[in-house]
Amino acid sequence: MIDIEQRALGLAPAGVLVGGRWTSADAAFAVLDPATEQTLREVPDCSNEDALRALDAACAAQQTWAATPPRRRADILRAAYDALVARTDDFALLATLEMGKPLAEARAEVAYAADFLRWFSEETPRIHGRYAVLPNADARMLTMRMPVGPCLLITPWNFPIAMAARKIAPAIAAGCTMLVKPAEQTPLSTLALARLLEEAGLPAGVLNVLTTTKPEQMVPALLRDGRIRKLSFTGSTAVGRILMSQAAGTVARVSLELGGNAPFLVFDDADLDAAVDGAVLAKMRNTGEACTAANRFHVAAGVAEEFAQRLAARLAAMPVGRGTEPGVEVGPLIDGAARDKVEQLTGDALERGARLLTGGKALPGKGFFFEPTVLSGVAPGAAMLHEEIFGPVAPVLPFAGEEEAILAANDTEYGLVAYVYTRDLQRAMRVSERLDTGMVGLNRGIVSNAAAPFGGVKQSGIGREGGAEGIDDYLSTKYVAIAV
């Protein structure tokens with residue numbers, strides 16, 4: 001297994017990618033395996049000066065890249081898709097090593113990432129404008145869709161391959177150059193993906209990757225420069241607010257995919273078997289470290305206890321361990337701070353009178369593990385009902401009727417996704433329309449798909465990634481008035 005792990009780690013180059021060259025920096029930092037707390041690799045700790053050199057490279061490449069035929073851009077994305085699929089096992093192992101998720105989930109993430117490369121390869125030649133006679137007939141209107149320009153893409157640690165692909169692919173399709181700053185906990189997957197794209201034929205300077213432990217210095221410096229024309233960020237709402245403010249200085253276009261507090265509604269007419277299956281998927285995917293993870297389970301009072309007991313039995317039976325071990329279904333949390341937060345939220349709920357059905361504590365020894373946990377009778381003031389848990393903890397709360405369920409589901413500043421289980425078609429449509437979320441999983445515990453627009457409302461973000469809508473934020477509209 002050690003040789004296989006070293007091969008996976010070898011996918012990531014030793015340096016960072018700037019202007020088509022893999023280079024080092026004056027400092028470096030360690031990337032840890034969250035299951036063992038051991039160092040996997042060191043990567044360059046880039047400075048503001050390194051970042052500005054990368055921006056120079058992106059700007060120098062922008063005009064030529066924008067003029068590259070759409071079919072050529074599409075072919076690069078398709079070649080990258082084929083290469084990523086062929087290397088699924090190695091990329092999955094790399095993601096497991098640096099992020100901790102079980103290998104089966106890592107393979108699913110690689111497939112999801114590859115789907116974005118394929119999807120946007122197909123969208124590339126379909127960027128259309130329009131032609132029309134203006135109403136007074138004295139001129140004609142031509143509109144064309146132009147690449148917005150150099151982009152700064154900031155990706156999170158929880159899906160290090162997929163989130164990079166979800167941003168890089170539409171930028172390539174639109175004809176934008178870019179700087180990518182991966183999360184410091186999981187930079188290796190993004191570095192590996194960058195090399196794969198380079199091997200697929202992506203020209204020098206189009207994609208530049210910077211790793212750093214000082215994003216709070218680097219990102220403002222890049223945004224102040226004025227040449228970044230779009231910022232795309234996936235991460236916490238708190239950081240998103242700061243970045244939105246910083247981007248305002250140069251009126252850079254912003255798209256934000258931020259936090260969530262997903263309600264999972266189970267009505268009394270639901271197929272309870274399907275609801276429990278969906279709950280396990282919606283809660284435990286990625287060990288609960290997903291913005292789409294179900295955060296609150298609102299269940300009709302008549303079936304709430306049965307649902308909670310069945311969910312607890314399922315979660316209690318899930319093996320916990322290092323994601324590379326056979327049969328493991330629950331990996332570690334990303335770091336000690338994440339584990340401590342989940343422990344604090346669970347303790348707060350228990351102190352307020354919640355009943356523990358399973359789990360409830362961090363595991364001793366190396367690694368940032370926390371037991372899969374189910375709580376019932378959680379008090380309305382419990383912090384976990386209002387904060388994103390980002391861990392394997394499921395609070396179950398009963399509701400008396402449809403109106404109460406909807407009000408409880410919407411009682412949050414977030415609005416990313418909600419899940420609804422019911423066999424009543426009319427109820428399904430009523431509830432889906434009234435939920436203040438950008439996405440709804442109807443009798444389904446997963447919503448993510450490269451062909452669908454991913455994003456939220458309220459403080460869960462701005463813009464959409466994926467689907468036909470996913471390329472829009474990388475394009476601007478130019479109007480030409482033509483005399484006749």
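Me: Leaving aside neighbours within four places in sequence, which residues is T211 in contact with?
Reply: This is a predicted model, where local features need pLDDT of at least 70, side-chain atom pairs count only at pLDDT 80 or more, and totals for chains, interfaces and linings use all residues. Residues are numbered from 1 along each chain as its sequence is written, and side-chain values use heavy atoms, with hydrogens and water left out. Contact means heavy atoms within 4.5 Å. By that test, the partners of T211 are V16, F29, V43, P44, D45, C46, P182, P187 and L191.

Me: Is T211 buried or exposed?
Reply: T211 sits in the loop between β9 (207–209) and α8 (215–225). Helices (H or I, at least four residues) and strands (E, at least two) are DSSP runs, numbered from the N terminus. Buried means under 20% relative accessible area, exposed over 50%, and partly exposed in between (1.4 Å probe, protein chains only). The relative accessible area of T211 is 1%, so T211 is buried.

Me: How far from the backbone oxygen of P44 is a polar atom of the T211 side chain?
Reply: P44 is among the residues in contact with T211. Its backbone oxygen lies from that side-chain polar atom at 2.5 Å.

Me: Where is V251, and is V251 buried or exposed?
Reply: V251 belongs to the loop between α9 (237–248) and β11 (253–257). Its phi is near 50°, a positive value in a residue other than glycine. Most residues other than glycine have a negative phi. With a relative accessible area of 65%, V251 is exposed.

Me: What is the relative accessibility of N443?
Reply: N443 lies in the loop between β18 and β19 (461–462). Phi of N443 is positive too, near 55°. N443 counts as partly exposed, because its relative accessibility is 42%.

Me: Which strands stand at the edges of the open sheet of seven strands?
Reply: Two strands pair if DSSP finds at least two bridges between them. The order is β14-β15-β16-β13-β12-β17-β18, with mixed pairing. Each edge strand has a single partner, so one side of each is left without a neighbour in the sheet. These strands are β14 (355–358) and β18 (439–442).

Me: Which residue in β18 stands opposite V417?
Reply: Strand β17 (residues 417–421) and β18 run parallel, joined by four bridges. Opposite V417 stands M439.

Me: Which residue in β20 stands opposite M144?
Reply: Strand β6 (residues 139–147) pairs with strand β5 (residues 130–133) in the antiparallel sense over four bridges. β6 also pairs with strand β20 (residues 475–483), antiparallel over nine bridges. The residue opposite M144 is K478.

Me: Which residue takes a positive phi in the hairpin of β5 and β6?
Reply: In β6, L142 is the bridge partner of Y131. The hairpin has five residues between the strands. The residue with a positive phi, near 65°, is A137.

Me: At what angle do the axes of α5 and α6 cross?
Reply: Axes are lines fitted to C-alpha atoms, for helices over the stretch in contact, and angles run from 0 to 180 degrees between N-to-C directions. The axes of α5 (residues 103–123) and α6 (residues 162–174) come within 8 Å. The axes cross at roughly 5°.

Key. Polar contact = N/O pair within 3.5 Å; in protein donor to acceptor, adjacent residues only side chain to side chain.
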